[in-house]
Structure formats: structure tokens, C-alpha cells
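Hello! Here is the structure I promised to pass on to you. Have a look at it first, and then read my notes below.

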Amino acid sequence: MARSDKTLEDILDVIFYDKPATQDEIAEKLKISRRYVTQLLKPLIEEDIVKRAYVIDLNKYDEIYGSSNTIFNIKQHSAFFLIENMLSSMSEHVKKQVQMSFDAILNNDKELAEEALKLDFTTNNMYEKVRASVETIIDVDPHSKLSKILLFSEAAYNYERIGDYSGHIAKFVINEKSPVDDELLEILKKMHKYTQKSISYATDAFINGNIESRGNLKDTEEKIHETQQKAMNLIANQMVETSFEDIEMSNYYIYISRVVKSFERMGDISVEIMDLAAEFHKDIPRPTTPRSFREKI
């Protein structure tokens with residue numbers, strides 16, 4: 001990519017995300033001269049693609065330059081490219097958050113759990129950035145073919161929910177004095193492995209359109225539920241052997257049950273992201289019946 005193309009891409013990013021009122025603001029943000037900003041934007045302003053105050057008409061950009069232009073070198077609509085990259089980064093960040101939270105359990109490491117919780121602030125910021133970007137694009141052209149871009153916000157919200165459940169795991173390590181016993185830990189290791197696979201399958205489907213991985217995700221979800229049942233049975237057996245007067249251990253069993261439930265919910269949310277992917281890429285409507293009710297039918 002030529003330097004001018006890269007700089008123009010940076011300028012368009014600023015217009016999307018920061019909504020500058022003047023070219024001076026763009027220049028100051030990127031630490032370049034206002035003259036250079038004017039030079040690069042001039043053709044787009046003349047063709048009424050970039051409008052004052054600075055807004056990008058994405059449909060017109062694609063009409064004139066095509067979405068395969070080097071600035072947005074993808075097959076999809078240029079608007080999708082920008083947010084898709086953010087969503088892809090968000091999914092990787094959330095997987096890291098889940099991994100760090102589980103590593104904290106493995107090692108009974110409270111400091112690592114605190115670090116995992118800090119990652120949730122970034123997860124929340126990523127969601128807000130995706131949401132704000134989608135709203136900006138819809139404001140520009142609410143009736144265009146970009147209507148599907150609303151699904152990006154829904155996917156980002158689901159990743160944020162996974163981050164929240166990851167936080168439950170980290171909080172268990174921070175708040176509980178007792179480490180998880182080896183027998184239960186082996187079951188949690190499997191739940192964690194299946195959960196990470198579920199997130200990966202769902203992300204591959206939404207970002208890359210690999211809907212064929214739905215079967216793999218279904219198999220993985222079943223394994224999560226199977227291991228969840230084993231974990232809950234083991235916890236129930238351990239509780240029977242614990243005195244009711246042992247408040248500390250009673251609380252431990254309540255909170256470790258929440259950890260088990262968190263893994264199960266992350267798997268369920270991955271299926272919801274897969275449903276979004278099917279609607280986004282294949283125009284397959286999502287089921288209107290809540291998952292919890294469907295599973296009982």
C-alpha cells in the first residue's frame with residue numbers, strides 16, 4: 001500500500017470514529033499537515049463522497065472506487081471491513097480474557113485473576129466502539145444495503161457477555177480462599193477447552209462465513225453440557241459431605257457452581273453468534289423461540 005493510500009485510510013478512520021468538524025482537527029489527530037489532509041481528501045470531496053462536516057457516503061465511495069480499492073482491499077462492502085476488523089480483534093481479546101481467568105483458577109493466582117478482570121474494561125470499550133461505528137454508518141444511510149451491519153452490534157454485545165462470564169471466573173479466584181480440588185479441576189479443564197473451541201467456531205462463522213462449522217459447534221456444545229452435568233454432580237456429592245455449619249465451604253460450593261454455569265453460558269452464547277452468522281451470510285432467520293425453551297421441546 002502506498003503511503004498516500006495508508007494516510008487516506010487513517011484519515012477516513014478519524015472521520016468514522018472521531019467525527020471531526022474541520023480538517024485542522026484531522027491533521028492534529030494524525031500529526032500531519034492540514035495541506036496534506038486537503039490534498040488527499042480533495043478528490044473525495046469533489047465527488048461528494050466525503051461531505052462537510054466530515055461524513056463518508058459509503059455507497060457512493062463503492063460506486064465510484066469499488067470496495068476492492070487498495071484503501072479497503074476486501075471483497076465486501078467497505079463499511080463492513082472496518083467494523084469486521086474491530087470485531088475480529090474483540091473475539092481474540094475475549095478468548096485471551098477467558099484463558100487468563102481459567103489460568104488463574106489453575107494456579108489459584110489472585111494477581112492473575114485481577115489482571116483478567118482488568119481486560120474486561122477493554123472488552124467493554126471494544127463493544128462501545130463497534131456500537132458507535134455501526135450507529136454512525138446507519139446515520140449516514142439508514143435505508144441502504146447496510147441494514148445487516150446492525151448484526152455487528154449484536155455480535156459485539158455477545159462477545160461482551162462472554163467477557164462478563166469470564167469475569168465471574170476471575171472473581172471466584174479473588175474471593176475464595178480454597179483452591180479447586182484436582183478431581184473437579186480436571187472437569188473444568190475440559191469445559192474450558194470446549195468453551196474456547198465454541199468461541200472459535202462461532203467467530204470463524206461470523207467473520208469468515210464458515211457456517212459449515214455449525215455441526216462442530218453443536219457437538220462441542222453437547223460436550224460442554226455433558227461435562228457441566230458431571231461437574232454439578234461432583235459438587236453435589238462434595239456438599240453432602242460438608243457440614244451445614246461450615247459457612248466458608250458452603251459459599252465455596254455456591255460460587256464454584258457459578259463458574260461451571262459460566263462456561264455453559266459462554267458455549268450457549270457462541271451458538272447465538274453462530275445464529276447471527278447464518279443470518280448475516282446466508283439470510284437464514286434466527287429462531288424466535290428462546291434457546292432455553294427450545295431445548296425442552
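**What I found**

Let me start with Ser-89, which is found in helix H5 (residues 78-107). Helices here are DSSP runs of H or I with at least four residues, while strands are runs of E with at least two, and both are numbered from the N terminus. Ser-89 counts as partly exposed because its relative accessibility is 40%. In these notes, buried means under 20% relative accessible area, exposed means over 50%, and partly exposed lies in between (1.4 Å probe, protein chains only). The C-alpha atoms of Ser-89 and Met-126 are separated by 8.7 Å, although the two residues are 37 apart along the chain.

Before going on, please note that this is a predicted model, in which local features need pLDDT of at least 70, side-chain atom pairs count only at pLDDT 80 or more, and totals for chains, interfaces and linings use all residues. Residues are numbered from 1 along each chain as its sequence is written, and side-chain values use heavy atoms, with hydrogens and water left out.

Helix H5 also holds Asp-103, which is partly exposed with a relative accessible area of 23%. Between the C-alpha atoms of Asp-103 and Ala-113, 10 residues apart along the chain, the separation is 8.2 Å.

As for the whole protein, it has 11 helices and two strands. Along the sequence they follow the pattern α-α-α-β-β-α-α-α-α-α-α-α-α. Of its 297 residues, 48% count as buried.

Now for the surface. Lys-190, Lys-193, Lys-197, Lys-223 and Lys-230 gather there in a patch of positive charge. Patches are made of residues with over 30% relative accessible area and no salt bridge, with like charges joined within 9 Å and nonpolar side chains (Val, Leu, Ile, Met, Phe, Trp, Tyr) within 5 Å. A salt bridge is a side-chain nitrogen of Lys or Arg within 4 Å of a carboxyl oxygen of Asp or Glu.

Which helices supply at least two residues each of the positive patch? They are H8 (182-208) and H9 (214-240), and the largest share, three residues, comes from H8. Lys-230 has its place in helix H9 and counts as exposed, because its relative accessibility is 52%.

Enjoy exploring!

How values were computed: Accessible areas come from the Shrake-Rupley method with a 1.4 Å probe; for residues, only the protein chains shown count as cover. Lys and Arg count as positive and Asp and Glu as negative; His and the chain ends are not counted. The place of a charge is taken as NZ of Lys, CZ of Arg, CG of Asp or CD of Glu.
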